[in-house]
Amino acid sequence: QVHLVESGGALVQAGGSLRLSCAASGRTFYAMGWFRQAPGKEREFVAAINYSGGRTSYADSVKGRFTISRDNAKNTMYLQMNSLKPEDTAVYYCNADLSIATMTPGRSWGQGTQVTVSS
């Protein structure tokens with residue numbers, strides 16, 4: 001059974017940092033990524049990483065501030081978020097088996113973790 005569990009969301013001031021984690025179980029996931037959904041908005045792509053970690057992709061809005069990584073020995077993916085802005089406020093979701101090329105999400109989702117950035 002596929003299971004993705006996010007953690008690490010919190011309330012943080014603008015300019016601060018957070019690290020999100022996504023613990024995966026059930027099987028090996030190849031490409032994994034993060035999406036986010038702000039109130040009243042559609043879910044959007046944030047970042048993705050392939051199995052080896054050698055290929056990553058980022059939304060323009062987070063390039064240079066966020067870093068995606070993974071530890072396959074721990075079946076865990078991370079999102080290091082620096083220089084956070086109020087517009088980064090959203091529920092962040094872990095996703096597995098997405099297409100890095102098209103940023104199309106796969107069928108497996110976590111439950112989400114709330115990130116709130118205060119100004």
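In β8, Met 77 is the bridge partner of Cys 22. Strands here, like helices, are DSSP runs numbered from the N terminus (E, at least two residues, for strands; H or I, at least four, for helices). A word on the model before the views: this is a predicted model, in which local features need pLDDT of at least 70, side-chain atom pairs count only at pLDDT 80 or more, and totals for chains, interfaces and linings use all residues. Residues are numbered from 1 along each chain as its sequence is written, and side-chain values use heavy atoms, with hydrogens and water left out.

**View A. Cys 22 and Cys 94 form a disulfide.** The S to S distance is 2.0 Å, and a disulfide is taken as a pair of cysteine sulfur atoms within 2.5 Å. By this rule the count comes to one disulfide. Cys 22 lies in strand β3 (residues 18-25) and Cys 94 in strand β9 (residues 90-96), so the pair ties together parts that are 72 residues apart in sequence.

**View B. Cys 94 sits in strand β9.** Cys 94 is buried, at 0% relative accessibility; buried means under 20% relative accessible area, exposed over 50%, and partly exposed in between (1.4 Å probe, protein chains only). Its disulfide partner Cys 22 also has 0% relative accessibility and counts as buried. Leaving out residues up to four places away in sequence, Cys 94 touches Leu 4, Glu 6, Cys 22, Met 32, Gly 33, Trp 34, Met 77, Ser 108, Trp 109 and Gly 110, where contact means heavy atoms within 4.5 Å.

**View C. Ser 21 belongs to strand β3.** Ser 21 is buried, with a relative accessible area of 16%. Beyond its neighbours within four places in sequence, Ser 21 is in contact with Val 5, Glu 6, Ser 7, Trp 34, Thr 76, Met 77 and Tyr 78.

**View D. Four strands make an open sheet in the order β1-β3-β8-β7, with antiparallel pairing.** Two strands pair if DSSP finds at least two bridges between them. At the edges stand β1 (3-7) and β7 (66-71), each with a single partner strand, so one side of each is left without a neighbour in the sheet. Inside the sheet order, β3 and strand β8 (residues 76-81) run antiparallel and are joined by six bridges.
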